Amino acid sequence: MQRAAMLGASTSYSSTLGPSTVRGCRNCFQPARRRTCVPPRASGGQPNPQPDDEPPKTPTNALEATIRRKQRELETTIRELGMEALDERLQSATQMPANPPYRLSTLIAESVPQGRAVLVFEVARPSPETTSAELAELAKAYVSRGGAAAMAVRTDSDATPSGLRDLFSVQQAVPRVPVLARDWLIHPLQVCEIKEAGAAGALGIINQVTGRGTGVMSSFSAALGLDAPVEVVNAREVEQLAKQGVVFYAINVAVGLSVAVPGFANRIAHGLLGELPFGAISLVGVRSLEEAAAARRSGADALLVKAELLQSYGTDVGALGNALQYAVTLDD
Ligand SMILES: O=C(O)c1ccccc1NCC(=O)[C@H](O)[C@H](O)COP(=O)(O)O
């Protein structure tokens, strides 16, 4: 069966998987001739065009540097695996989709009619010495005392030396809670690995990074049974993705905002939430109680409570939970 047909994807999936994948586009692994991706955004959230036939330039910002690093890591993995084994792995993953008993999208569907937002806590290592087991204990406290309904665990090598083991430990510690991986997702193999580690979903498909490959990444994640919101930065992206059937959107208010005007990030999130198509669901990242309250007032269905907000409460998880509940409860 053709993979594109199997995935129901609008972009040919084989172009992402073809033999020249590793030598192709630096941004998305597609062969250069058939490149459809938008290069990583520069500061300000704008794509940063760079023809394929030019030698790599020094990355201009942190995001570009991260994406280049992820590409190098993936190149190594794919080279070791071989194209045939890669193809087989991707195919078998779609034949055995995950069926997590607890899903973020289900929680959202249940909570929205009751006027509640789903709180997704980012479980991050407070220090580089933190172990997977300690992270699992933190996750338990976030659920029992902090009011977390779902979790996101960073799996990028820059954030943890344990990678997917952190995700697995957290998932085992809170088995009735959807646990999502948070990473930079540029290739379907990463989605496979996340699924195999027991995740209920994945955060990190960023339309400014994957460009026209976004539809494939989104539909492939859905085919594997994972909730994987697509991060968007403007109304045009929403319009294009909606046409491709994307229904779950992520908004990171920290992206490309060099303007230090109070409330500016909140207004961006508010505007974008207003652009989402009817029936779509949303997850907005928040770094403060004020951002959480504003996102909720703007209609966010779920909030990614980021590590910086969680860690600002130290070990007082109960106080954090109360403050968050107060912030996201809408007055009639
Ligand atoms: O980071 C968010 O606010 C966010 C919100 C909702 C879904 C996904 C989100 N992040 C996923 C990403 O991959 C981020 O864009 C990326 O890690 C950059 O995050 P940051 O460095 O915190 O701006």
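Tutor: Helices are DSSP runs of H or I with at least four residues, strands are DSSP runs of E with at least two, and both are numbered from the N terminus. This is a predicted model, where local features need pLDDT of at least 70, side-chain atom pairs count only at pLDDT 80 or more, and totals for chains, interfaces and linings use all residues. Residues are numbered from 1 along each chain as its sequence is written.

Student: In which helix is Leu 104 found?

Tutor: Leu 104 belongs to helix α5, residues 104–111.

Student: Why does Leu 104 count as buried?

Tutor: A residue is buried if 20 or more other C-beta atoms, placed from the backbone, lie within 10 Å of its own; with 12 or fewer it is exposed, and in between it is partly exposed. Leu 104 has 30 C-beta neighbours inside 10 Å, so it counts as buried.

Student: Which residues does Leu 104 touch?

Tutor: Contact means that two C-beta atoms, placed from the backbone, lie within 7 Å. Leaving out residues up to four places away in sequence, Leu 104 touches Val 118, Val 120, Ala 150, Pro 178, Leu 180, Ala 200, Gly 201, Asp 227 and Ala 302. Glu 88 is 16 residues from Leu 104 in sequence and 28 Å from it in space, C-alpha to C-alpha.

Student: What makes Ser 144 partly exposed?

Tutor: Ser 144 sits in helix α6. Ser 144 has 13 other C-beta atoms within 10 Å, so it is partly exposed. From Ser 144 to Ala 124 it is 20 residues in sequence and 17 Å in space, C-alpha to C-alpha.

Student: How much of the protein chain counts as buried?

Tutor: Of its 332 residues, 47% count as buried. The chain comes to 15 helices and nine strands. Among its contacts with a separation of 6 or more, 63% join residues 24 or more positions apart.

Student: How do you know that β1 is largely enclosed?

Tutor: Six of its six residues are buried, so β1 is largely enclosed by the rest of the structure. In a regular strand the side chains alternate between the two faces of the sheet. Val 118, Val 120 and Glu 122 are buried on one side of β1, and Leu 119, Phe 121 and Val 123 are buried on the other.

Student: What makes β1 and β2 a pair?

Tutor: Strands pair if DSSP finds at least two bridges between them. β1 and β2 have four bridges and run parallel, so they pass that test. Phe 121 has Met 151 of β2 as its bridge partner. Glu 122 stands opposite Ala 152 in β2. Four bridges also join β1 to the parallel strand β9, residues 302–305. There, Leu 119 is partnered by Leu 303.

Student: In what order do the strands of the open sheet lie?

Tutor: The nine strands run β4-β3-β2-β1-β9-β8-β7-β6-β5, with parallel pairing. β4 (201–203) and β5 (205–206) each have a single partner strand, so one side of each is left without a neighbour in the sheet.

Student: What makes β7 largely enclosed?

Tutor: Five of the five residues of β7 are buried, so the rest of the structure largely encloses it. Phe 248, Ala 250 and Asn 252 lie on one side, and Tyr 249 and Ile 251 on the other. β7 pairs with β6 (residues 230–231) in the parallel sense over two bridges. Ala 250 is the bridge partner of Glu 231.

Student: Which residues around the ligand are the closest?

Tutor: A residue is near a molecule if its C-beta atom, placed from the backbone, lies within 6 Å of it. The shell around the ligand has 14 residues, and the closest are Gly 204, Ala 250, Asn 252, Ala 254 and Gly 285. β7 (248–252) and β8 (281–286) are the elements that give two or more residues to this shell.

Student: Why is α7 called largely enclosed?

Tutor: Eight of the 10 residues of α7 (residues 164–173) are buried, so the rest of the structure largely encloses it. Leu 164, Phe 168 and Ala 173 are among the buried ones. Their cover includes β1, α6, β2, β3 and α8.

Student: How do the axes of α13 and α15 cross?

Tutor: The axes of α13 (residues 289–297) and α15 (residues 317–328) come within 8 Å and cross at roughly 35°. Axes are lines fitted to C-alpha atoms over the stretch in contact, with angles from 0 to 180 degrees between N-to-C directions. Leu 289, Ala 292, Ala 293 and Arg 296 of α13 meet Ala 323, Leu 324, Ala 327 and Val 328 of α15.
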